[in-house]
Amino acid sequence: MKLATWNVNSLKVRLPHVLQWLTDNPVDVLCLQETKTVDDKFPTAELEAAGYQAVFCGQKTYNGVAILSRHPIADVVKNNPLFEDDHQRVIAATIDGIRVICVYIPNGQAVGSEKFSYKMNWLKALHDWVKSECAQYPQLALLGDYNIAPEDRDVHDPAAWAGQIHVSEPERAAFRDLLALDLKDAFRLFDQPEKLYSWWDYRQMAFRRNMGLRIDHILLSPALAARCTACVIDKLPRKREQPSDHAPVVATLD
DNA sequence: ATGGCGGTGTAACACCGA
C-alpha cells in the first residue's frame with residue numbers, strides 16, 4: 001500500500017505530469033493540493049482511464065484538494081466541520097480501512113499578517129478535528145502541503161529563513177501539536193539523505209541550487225507508522241518541463 | 001532592500017503562492 005501527496009499548482013496545467021507520474025508510480029492513493037479547478041471541470045474521465053477514482057472539492061484560481069484512489073472511496077468529508085472557511089483546503093475519505101485526510105494548509109504570507117492569523121486559527125481547528133478523527137479511526141494518515149518546515153534541517157538556509165513564514169516558532173509549535181496527537185512524520189521514521197526538500201521556488205534557479213524547504217508531509221497514526229516501511233520525496237517531476245514547484249512525497253505501508 | 005517565476009482571471013497587469 002502506497003500513499004502519496006503532491007501540490008500540483010493547477011491540475012489543469014499539470015494533468016499530463018500527474019498521469020505520467022501515476023504510470024511510473026502506481027500508488028494506491030494520491031492526495032492533490034492546489035488543483036485550482038472547480039468541480040465541474042475536474043478531469044474525472046482522464047483519471048478513471050488511468051485506473052483512479054477521485055473525490056475533490058475545488059474553487060476557481062486558488063486552493064482545491066482531491067484524493068485519487070485505486071480502491072473504493074467511502075465516508076467522504078469536505079472541509080473541516082469545526083472551521084467555517086470559504087477556501088477549499090480539506091478533503092477526507094476512508095480507503096482500505098485507512099482514514100486519509102488531505103490538507104492544503106494556508107501559506108500565511110508573512111508572520112504577523114492577517115493571513116498569518118488565519119493560518120494559525122486554521123491550524124488550531126485542524127488539530128481539534130484531527131484529534132476527533134484519530135479517536136474514531138486508529139489507522140489514519142494526514143497528508144498534504146503543510147506550509148511548515150518543522151525543523152532547521154528541513155530548510156536550505158536556516159539563518160536566512162529564521163523567524164520567517166514557514167519556519168516561525170508559532171507554526172512549528174502548531175506542527176508539534178499535531179505530532180502530539182501521537183502522529184509520526186513518516187519521512188523521519190527513516191534515515192534520510194541530508195538537504196532533501198519538497199518545494200523549491202521557481203525563481204533564482206532555486207531547484208538547481210537546491211534552495212528548498214521540506215513543507216509537504218505525511219503524518220501517520222501509531223497503527224500506520226508501525227506498517228510504514230519507507231518514505232521518499234520524488235524529485236524527478238520537479239526536473240521536467242513546466243513542473244509544479246512541489247515534489248511528491250510517498251509513504252509505503254506493509 | 002527588491003524582485004526574480006509561474007498560474008489565474010482577464011485581456012494589461014494585479015493577486016497570490018512560498
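This is a predicted model: local features need pLDDT of at least 70, side-chain atom pairs count only at pLDDT 80 or more; totals for chains, interfaces and linings use all residues.

Q: What does the C-alpha trace of chain A span along its principal axes?

A: The spans of the trace are about 45 × 45 × 40 Å. As for secondary structure, chain A has six helices and 14 strands.

Q: How do I read burial, and what percentage of chain A counts as buried?

A: The idea is to look at relative accessible area: buried means under 20%, and exposed means over 50%. In chain A, 57% of the 254 residues count as buried.

Q: Is Lys-239 buried or exposed?

A: Lys-239 has a relative accessible area of 57%, which is over the 50% cut-off, so this residue is exposed. You will find Lys-239 in the loop between strand S13 (228-233) and strand S14 (249-253). Its C-alpha atom is separated by 24 Å from that of His-166, and the two residues are 73 residues apart along the chain.

Q: Now for the pockets. What is the volume of the largest pocket, and which residues lie nearest its centre?

A: Its volume is about 820 Å³. Of the 31 residues that line the largest pocket, Tyr-104, Asn-107, Gln-109, Asn-147 and His-166 lie nearest the centre. Helix H3 (114-136) and helix H4 (158-161) are the elements that give two or more residues to this lining, and H3 gives the most, with three. Sorted by class, the lining has eleven nonpolar, eleven polar and nine charged residues.

Q: Which residues are closest to DNA strand B?

A: A residue is near the strand if one of its heavy atoms lies within 4 Å of it. DNA strand B is surrounded by 23 residues, and the closest are Ser-10, Asn-107, His-166, Trp-199 and Arg-203. By class, this surface has six nonpolar, ten polar and seven charged residues.

Q: Which parts of DNA strand B lie within 4 Å of the protein?

A: Of those atoms, 66% belong to sugar or phosphate, and the rest to bases. A polar side-chain atom of Ser-10 is 2.3 Å from one, while for Asn-7 the distance is 3.3 Å. Glu-34 has a side-chain N or O atom 2.8 Å from a phosphate oxygen of DNA strand B.

Conventions:
Residues are numbered from 1 along each chain as its sequence is written. Chains are lettered from A and ligands numbered from 1 in the order in which they are written. Side-chain values use heavy atoms; hydrogens and water are left out. On a 1 Å grid over the protein atoms alone, a cavity is a set of points where a 1.4 Å probe fits but cannot get out, and a pocket is an open set with protein on both sides within 12 Å along at least five of seven lines; lining residues have an atom within 4 Å of a point. Grid points are joined across faces, edges and corners, and a volume is the space filled by probe spheres set on the points. Helices (H or I, at least four residues) and strands (E, at least two) are DSSP runs, numbered from the N terminus. Ala, Val, Leu, Ile, Met, Phe, Trp, Tyr, Cys and Pro count as nonpolar, Asp, Glu, Lys and Arg as charged, and the others, Gly among them, as polar. A polar contact is a pair of N or O atoms within 3.5 Å; within protein, one must be able to donate a hydrogen and the other to accept it, and residues adjacent in sequence count only if both atoms are side-chain atoms. Buried means under 20% relative accessible area, exposed over 50%, partly exposed in between (1.4 Å probe, protein chains only).
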